[in-house]
Amino acid sequence: MQQHFLSTLKGIGSLFFILMSFVFNACDKTTEADCPEACANSNLQHVKKVLLIGIDGCRSDALQAANTPNLDQLIANSRYSWTLDRGNTDTWSGAGWSTMLTGVWPAKHGVKDNWYVGKNYGEYPHFLCRVKETSDCFKTASIVHYTAINDEIVAPCNTDELRDYDKDANVTEAVTNYLNDCNMDVIFAHFDGVDHAGHSRGFHPSIPEYIDAIETVDADLKPILDAVYEREANHNEDWLIIVSTDHGGTIEGAHGGEDNNVDVTRVFGIFRTKNTANPGGLRYSPELVDVVPTIFNHLGIPINSTWNLDGVGVAL
Ligand SMILES: [Zn+2]
């Protein structure tokens with residue numbers, strides 16, 4: 001009888017523990033880095049590394065109007081464009097991120113909206129997957145605010161670390177921790193606060209809340225950029241930093257369905273290495289599909305013609 005009572009008590013205790021750990025886990029999405037395991041050739045140290053930063057829904061003219069000291073410092077050492085072509089159609093986030101991360105237009109990756117119907121990532125996977133295919137010794141991470149990027153685009157193919165958060169500040173913390181605590185090689189970081197401000201107040205330089213959101217993300221980038229600069233100074237690393245976006249938007253707060261509207265389709269692209277040759281504005285408008293080949297060129301990964309990429313690397 002006593003034994004039965006004890007085991008019942010234990011059962012209740014275990015149930016309580018399971019319930020509490022569920023509640024605890026649901027509330028505590030840690031931003032601590034969980035470093036990827038060493039690869040077979042664990043002595044291999046990469047010098048060339050990549051940080052791709054996506055600022056969702058950020059218009060070029062608003063970025064130029066906002067007070068962004070951290071991005072300004074980056075731009076001063078970059079090749080950049082205020083008229084990067086993100087594609088005239090399929091002006092949704094799902095399509096835009098698919099294009100940036102796979103290096104091919106929607107005609108190939110198949111995603112034309114935010115529902116991911118027709119996705120063809122088996123044939124055209126994201127670049128982190130290609131990097132890992134090339135060598136398991138590249139340590140990769142995708143740390144995002146818009147969960148669907150990881151769930152739909154990144155998760156189906158090999159990436160070491162996938163994190164998603166409901167706040168930009170948490171993305172900043174996690175990316176900074178991965179930079180400081182792990183010997184990462186390639187990181188994709190996505191911020192969504194600017195897009196949220198655009199949808200609720202309007203995407204336009206005259207909208208104070210939209211400008212505020214851009215200035216907030218600029219402040220969010222400071223610890224990340226500082227961590228990269230520290231690594232370059234003290235660890236003999238050369239980071240390619242790219243900053244771009246999936247689309248712009250209208251003053252009415254729209255972007256999806258706004259085909260051929262330059263406020264939506266012409267965006268910005270910032271491309272910077274440790275020693276960017278000839279920093280300044282590019283004399284042509286690069287395309288969103290040029291991001292992936294620029295990354296492969298920096299990492300020294302030969303572009304395989306069977307990948308059927310649509311872009312060309314930006315010369316840096
Ligand atoms: Zn978007």
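Me: How do the axes of helix 3 and helix 10 cross?
Reply: The axes of helix 3 (residues 69-76) and helix 10 cross at roughly 55° and come within 7 Å. This is a predicted model, in which local features need pLDDT of at least 70, side-chain atom pairs count only at pLDDT 80 or more, and totals for chains, interfaces and linings use all residues. Residues are numbered from 1 along each chain as its sequence is written.

Me: Which term describes helix 3 and helix 10?
Reply: They are therefore oblique to each other. Angles under 35 degrees count as roughly parallel, over 145 as roughly antiparallel, 65 to 115 as roughly perpendicular and the rest as oblique.

Me: Which residues make that contact?
Reply: Helix 3 contributes Pro-69, Asn-70, Leu-71 and Leu-74, and helix 10 contributes Asp-218, Leu-221, Lys-222 and Leu-225. Two residues are in contact if their C-beta atoms, placed from the backbone, lie within 7 Å.

Me: What about helix 9 and helix 10, at what angle do they pack?
Reply: Helix 9 (residues 193-201) and helix 10 (residues 208-234) pack at about 175°, and their axes are 8 Å apart. That makes helix 9 roughly antiparallel to helix 10.

Me: Which residues of helix 9 are buried?
Reply: Gly-193, Val-194, Asp-195, Ala-197 and Gly-198 are buried in helix 9. A residue is buried if 20 or more other C-beta atoms lie within 10 Å of its own.

Me: What do the buried residues pack against?
Reply: In helix 9 they pack against strand 1 (48-55), helix 8 (168-181), strand 5 (186-191) and helix 10.

Me: Which residue follows helix 9?
Reply: Gly-202 follows helix 9, and its phi is positive, near 115°.

Note on methods
Axes are lines fitted to C-alpha atoms, for helices over the stretch in contact, and angles run from 0 to 180 degrees between N-to-C directions. Helices (H or I, at least four residues) and strands (E, at least two) are DSSP runs, numbered from the N terminus. A residue is buried if 20 or more other C-beta atoms lie within 10 Å of its own, exposed if 12 or fewer, and partly exposed in between; C-beta atoms are placed from the backbone.
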